[in-house]
Each structure stands twice: as C-alpha cells, then as structure tokens.
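Hi there,

Here is the structure I promised to pass on to you. Please open it alongside this email, and then read on for what turned up in it.

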Amino acid sequence: MKWVTIWGNAQSTVLPAPATYAKDITLRYPIFVPFSGKKLRITLDNFCSTEDIEIEELTIGFGKTLSDEQGEIISLTYQKKKQMRIPAHQSIQTDPIEIFIPENCYLIISFYLKEYTLLTSGVDIIGPLSKGYFAYGNQLLNKTLDINTSKSTSWVYFLANIDLYTEDQNHAIICYGDSITSQDWPDYFLLELRKRNINHISVVRKAVSGTRILREYSCITYQSYGKCGKKRFSHEITSVSGATTIIIQHGINDIIHPVGTNINPFRPLSDLPTATELIEGLKEYSQFAKKENLTVFFGTLLPIYNWRTYAPFREVLKNEVNSWIRMQPHIDFEAIVGCKIEDAVQFKDFYDSGDHLHPSKKAYQAMGEAMASFLIEQKKI
C-alpha cells in the first residue's frame, strides 16, 4: 500500500476584480475517483496568496455524478482541529482519515469560508471531468446546494491534491503546462484509459492558463497567468504522491506574448526568448523531474498560425523548439492536431477552437486518446 494522488491542480491567481474578498461562502468540487483506497488526505495550498486564510470546516461526501449532490458527509481535520489556517504562500495537508473510498464514485469536497478571505488564489480548469460550485452561506451539510444561492464555476480555490492510501499497483501521471493542459485533454486522457479498462492510473493536472517558462507578470492585468515555470515546477511536481511519469507541454506563451511596449506596456519584445533559452528551461524541467524519479515525456507545441500575434519569426522559434522536443522522448501533439501549409502549421479542419491557438473539443479528445495509445506503446501504463 502507498499514497497516490488521484486528482490535483496547480496554483495561480484569479482574474482581477474590484472585490477580492469573500465571506460566508461554501465552495464545492466533485472529484472522480479512478481507483479505490483505504485512507484519504487532502492538500490545501495558499501558494499565490499574500495573506493567511482560514477554512472554518472541510468535508467530504460521496456522489455518483459530476454534480453538487452528496451523501454520507464526513468532516476532515488538520492537527485534530476542524478549523484550518493556511499561512500565505504555504500549504497544509489534512490529517489522514481511515475510510474506504470506492473506485468510480465522486468525492464531493466542500469547505466553508466564514470570515473575510482573500479569494485570489485559484486556477481555471475545464473538461468533461472538471466542475466546481460556490454558494452563499454555510451549505456544507446540504445534500445539494440551494439552486437560488449557488452557481457553477470553473475556478478551483486552494484545493491542490487529493491522495488515497491505495494498492501498490496504482500510480499517477502528471500533465504539466499552460492553458492547453488546463483545458480538456487530460480529462479525455483519463476517460480513454477507463474505456480501455486501465483502472490503476490517475491523471493529475498541474497547469495554469497563460503561464510561461521564463517570465511572469507583476501587473494585475495578467495576474491570472501566475508564476513562471521556474518557480512553479518544483512546487507543483513534488506535491504529487505516487507519480511515475510526467508529460510536459509548455512554452508557447513565451513565444506569442511579447509584442512590444508600443502595443502593450506589459509585453516588451525584450521578453521574447531565444530557442536556446526555451530549450534550457525545458531541460531544467527534465533534470528536476528525473531527480524525482519521474519518466519524462514532452509534448510538441501546437499550431499558432493566424493567432492574433502570429508572425513568421514566431513560427520559426516554435519550430526550433519543436525540433529539439522531437529528439527527446515525446508525443507529437502538433502532428495530431495540425497540418503543414507552405511555411507554417495550422490546425486541421474542426480541430481549431476558433482563436487559432487552443484546440477544439474534438481536438482535445484526439489528444487524450493519442496520449493513452502513446503511453501504452511506451509500456508506461
């Protein structure tokens, strides 16, 4: 038996808003359970906040669908107390609770913020297995949230990892990256594994939309893009229990963001890296992950043709990085979703979400299915 993370998220800062504090609010997240376990613990992370936060109470319930409906509600503790204080930039792990968690159910994670809380530490995640809710008042014990005072949300606050004490054969695969990974393909990857009766693997997503490898923003305009990879990577990767493999698909924002201060004061062209600098950043990821005994695979960067900041020099830079990636153990995501046109690569028909940067749902499904096939061929599943 060992601890394995069955679900996880990176930490970032939410989109800026006039109101940054909340009180008397319940947050609820349904989490799919890929395999069973005999104990449970949860990691709560305040990594990107500048203030301590206090959770009045944290509960788990059991559900059957990706919804807010729950049953058999149990409170968790930290240092044997229901109230949990998380210092700024720190994380805590709840006391382990001995309880049988069956596979193929949904854990309903809920917590109540009673007092004013700086609600800026969160990450936006979407996909067929990803959903969240917020509700006014303390609704921890509600079987379902009051429809008049609750609403769904794609933002996940403070919830970093859920670990089960489980059979030794079970293990986690980490998907690390930016918006491409914070969107659907990791969920489709897990669903494809289930279709193939591969039930001993969890897929743990560590991704932040807009994040870059080498740079980060200090302005509130782009605060949701979070920490640069050099600061994120070790924090996120070392928090995952029972991981054997990591898929890294990162770097496109380093290429497409810088436009010059005459166009955007926060995006100077001096931020544009060379291919060598980006590759060095990817090498550092790989070296660190291997020290953590992880098998490393890279994903090639996706098409950017006709994206709003597209220029031939960006295509050249992307291609240079992809050429290096293709010399490493890798999955060729670009070849899965893209096709060559003259001197550039564009999305295949029906694979473009419409912005010429993010894949469509159909493309994300293809990526998830391809990832399952790839790791089976590599004998890593």
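Let me begin with strand β18, which has buried residues on both of its faces: His171, Ile173, Cys175 and Gly177 are on one side, and Ala172, Ile174 and Tyr176 are on the other. In general, side chains in a regular strand alternate between the two faces of the sheet. Seven of the seven residues of β18 (171-177) are buried, so the rest of the structure largely encloses this strand. Please keep in mind that this is a predicted model.

Which strands does β18 pair with? One is β19 (residues 201-207), which runs parallel to β18 and is joined to it by seven bridges. The other is β20 (residues 243-249), also parallel to β18, with six bridges between them. Gly177 is a handy place to look at both pairings: this residue stands opposite Ala207 in β19 and opposite Gln249 in β20.

Now to the nonpolar cores. The largest has 75 residues, and Leu40, Ile42, Leu107 and Ile246 are those with the most contacts inside it. Helix α5 (residues 275-291) gives the most to this core, contributing six residues. Apart from it there is another core, of 32 residues, which includes Phe32, Phe297, Leu302 and Val337.

Setting aside its neighbours within four places in sequence, its contacts are Leu58, Ile60, Leu76, Ile92, Gln93, Thr94, Ile109, Leu159, Asn161 and Ile162.

Lys39 is another residue to look up, and you will find it in strand β4 (residues 37-45). Is Lys39 buried or partly exposed? With a relative accessible area of 27%, Lys39 is partly exposed. Not counting residues up to four places away in sequence, Lys39 touches Trp3, Ile97, Glu98, Ile99, Asp163, Leu164 and Tyr165. Of these, Trp3 is 36 residues away from Lys39 in sequence, yet the C-alpha atoms of the two are 8.6 Å apart in space.

Finally, two backbone details. Asn104 has a positive phi of about 70 degrees, although this residue is not a glycine. Its place is in the loop between β10 (97-101) and β11 (106-113), and Asn104 is partly exposed at 43% relative accessible area. Phe350, likewise not a glycine, has a positive phi near 70 degrees. Phe350 lies in the loop between β24 (344-347) and α8 (361-377), and its relative accessibility of 67% means that it counts as exposed.

Enjoy looking around, and do write back with any questions.

Best wishes

Notes. Residues numbered from 1 in each chain as written. Predicted model: local features only at pLDDT ≥ 70, side-chain atom pairs only at ≥ 80, totals over all residues. Heavy atoms only, no water. Core = buried A, V, L, I, M, F, W, Y, C linked by side-chain atoms within 4.5 Å. Buried < 20%, exposed > 50% of the residue type's maximum accessible area, 1.4 Å probe, protein only. Helix = DSSP H or I, 4+ residues; strand = E, 2+ residues; numbered from the N terminus. Contact = heavy atoms within 4.5 Å. Pairing = 2+ DSSP bridges.
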